[in-house]
Amino acid sequence: MELKVLQWSDDGRKTISDRLPDESMAEGSYWIDVAVGDGDTTPLHELGDRLGLDRLSVHDALNETDLPKVDDFGHHLVIVLHGLRDDRIETYEIVCFLTATALVTVRRTTSPALASLWAAVTDRQELVGSVDELAARLADVMTRRLATVVDLFDHRVEGLVDRALDADKSVIRDLSAVRTDVAVVRRAVHPQREMLDVLRRSRSGLLSDAGRRRFSDVFDVASRTASGLDAARSSLAETLDIYRGAEAGKATEVSKVLTVYAATMLPLSLIAGFFGMNHTSLPGLDSERGLLLVLAAMVVVAVVSLGMFVALGWIRRPSGREAGTALGRGLIEAARAPVEVAEAVYAISTMPIRMTSGRRTPANRRAQGSDG
């Protein structure tokens, strides 16, 4: 088990250590980050007893089993947050225990959001506030990181639609992968939005007005993310319908080709069958020009048949669209997006996301929109 302790006071002094604070914890405020591994968890239970934390909640924090939620135990709050891993589209859990003077975060895996916030808070004094504001900032960073999936999907869906219009068979695989990624994030975002709604309306004495305002801002981000994910599900269903329509159109084109071929060959087969009968009285049988006349008649019939199909519009020059650039199987680039803690809103920067096509990234579109 790894332990990091950040202590700060109102006069600007900060202390970082890897040991639990003394029994009194009377001076200043604390952020205690506990990374639970396979080692001894006794220090966490000791800390919980010292702060009067709910024992069942401390036990649950050792296992990633909860959806985002908030529990109010009077003298402390238990806030369960979910964030996006940095190597794949999968969420992880951080359990926050909030008291009047301490924020205890318990996690079982590395957290890019927490690491970035820790580095920013320890480096810049102006970012250190009350413990409830610190909890809101952590929720902000983690929620905005989940929102990067929506930004990346907005870019990806353009290429998926292009490939669906071309009835590219591999688009089914990619649609399935993207839908799975969207579903994973959606399962975390919706309960996290509800939890943030509870916090912004909470009358708990552990939350200041500044902390509630920050939680309210994070709730807005979660609401926009949830709406974007719901729209993404509808968009994926529409893209699948486009693919099925394009595939049916291609099947229709194939049927047309076979129909034209059959309709052209049918009269020719009739002529060949007629003159292939075993009768000595067939016209032109004894003539040297009989074969040429029959072949000429077959050519005329074939040309007239093809001309009729051209006039009906069944035969035309193909005008297929070029397939879009391969987009990969899912939305893994969102998980690789670096975390950037800003001074005011603690936003996620998505500009370094690597894309395989030549279109503008969402970050570029936002930057150009702000310049305008």
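Predicted model: local features only at pLDDT ≥ 70, side-chain atom pairs only at ≥ 80, totals over all residues.
Author: Residues are numbered from 1 along each chain as its sequence is written, and side-chain values use heavy atoms, with hydrogens and water left out.

Reader: Why is arginine 163 called buried?

Author: Buried means under 20% relative accessible area, exposed over 50%, and partly exposed in between (1.4 Å probe, protein chains only). Arginine 163 has a relative accessible area of 3%, and is therefore buried. Arginine 163 is found in helix α4; helices (H or I, at least four residues) and strands (E, at least two) are DSSP runs, numbered from the N terminus.

Reader: What makes strand β7 largely enclosed by the rest of the structure?

Author: Six of the six residues of β7 (residues 102-107) are buried, so the strand is largely enclosed. Both of its faces are covered, with Ala102, Val104 and Val106 on one side and Leu103, Thr105 and Arg107 on the other. In a regular strand the side chains alternate between the two faces of the sheet.

Reader: How do you know that β3 and β7 pair?

Author: Two strands pair if DSSP finds at least two bridges between them. Strand β3 (residues 29-35) and β7 have six bridges, in the parallel sense. Strand β6 (residues 91-98) and β7 have five bridges, in the antiparallel sense. Arginine 107 in β7 stands opposite alanine 35 and also opposite isoleucine 94.

Reader: Why is helix α3 called oblique to α4?

Author: Axes are lines fitted to C-alpha atoms, for helices over the stretch in contact, and angles run from 0 to 180 degrees between N-to-C directions. Angles under 35 degrees count as roughly parallel, over 145 as roughly antiparallel, 65 to 115 as roughly perpendicular and the rest as oblique. Helix α3 (residues 112-123) and helix α4 (residues 131-165) pack at about 135 degrees, with their axes 9 Å apart. That angle makes α3 oblique to α4.

Reader: What term describes the arrangement of α4 and α5, and why?

Author: Helix α4 and helix α5 (residues 171-201) pack at about 150 degrees, with their axes 10 Å apart. The two helices are therefore roughly antiparallel to each other. Contact means heavy atoms within 4.5 Å, and the residues making this contact include Phe153 and Arg163 of α4 and Val182 and Leu196 of α5.
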